[in-house]
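Me: I have a model open and would like to go through the labels attached to it. Could you take my questions one at a time?

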Amino acid sequence: MTVQVGETLPNIELRVMGAEGPEAVQTADLFAGRKVILFAVPGAFTPGCSMTHLPGYVALADKIKAKGIDAIICTSVNDAFVMDAWGKAQNAEEIIMLADGLGHWAEAVGLTQDLAGPQLGLRSQRYAMLINDGQLELLNIDPKGIDLSSAETLLAAIS
């Protein structure tokens, strides 16, 4: 079942790239006492994600943070090495590139999709969340395209 606005988000151990390699992080620690935008993509280095979705957040990161957002997080069912390389390729220094390598986060929030047809396996749906101290305040799921979860849409929602 998909998480609902007003719910406390689950605490899942995921990975970010650290100086010594992949490091474990708890989602509860990323969200605690902070206002966060988390957006998810089906896959790093895929066309829509690389040409539009992540670049939009990179371009608007300063404006988003100026509206009181403490962190912008991008997650995908990819490993920390891939997420780190993708973030570097996209100049995403202002974005936390959060690896959901096993899809545990996507499953826990009920936002998976089966892309076995094109041999991509179980992936995350495309969505964006506004999270306030671990509570879900806004959830925009994109069944097709990037309109509902774009940086522009989330910036307008927090204005």
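What follows is a set of questions about those labels, each with its reply.

Me: What kind of model is this, and how are its residues numbered?
Reply: This is a predicted model, where local features need pLDDT of at least 70, side-chain atom pairs count only at pLDDT 80 or more, and totals for chains, interfaces and linings use all residues. Residues are numbered from 1 along each chain as its sequence is written, and side-chain values use heavy atoms, with hydrogens and water left out.

Me: Why is W86 called buried?
Reply: Buried means under 20% relative accessible area, exposed over 50%, and partly exposed in between, with a 1.4 Å probe and protein chains only. W86 has 0% relative accessibility, so W86 counts as buried.

Me: And what makes F45 partly exposed?
Reply: The value for F45 is 48% relative accessibility, so F45 falls in the partly exposed class.

Me: How do you know that the buried residues of α3 line one face?
Reply: Helix α3 covers residues 80-89, and its buried residues are A80, M83, W86 and G87. Seen down the axis of α3, these fall within an arc of 130°, so they line one face of the helix. That arc is taken from the directions from the helix axis to the C-beta atoms. The face turned away from the buried side carries the exposed residues F81, K88 and A89. Helices here are DSSP runs of H or I with at least four residues, strands are runs of E with at least two, and both are numbered from the N terminus.

Me: What makes D79 a cap of α3?
Reply: A side-chain oxygen of D79 lies 2.8 Å from the backbone nitrogen of F81, at the N-terminal end of the helix. A polar contact is a pair of N or O atoms within 3.5 Å; within protein, one must be able to donate a hydrogen and the other to accept it, and residues adjacent in sequence count only if both atoms are side-chain atoms.

Me: Why is the pair of F31 and W105 called edge-to-face?
Reply: The structure holds three aromatic pairs. The ring centres of F31 and W105 are 5.8 Å apart and the planes stand at 65°, so this pair is edge-to-face. Rings of Phe, Tyr and Trp (its six-membered ring) pair if their centres lie within 6.5 Å; planes under 30 degrees apart count as stacked, over 60 as edge-to-face and the rest as tilted. F31 sits in helix α1 (residues 27-31) and W105 in helix α4 (residues 104-108), 74 residues apart. Both F31 and W105 are buried.
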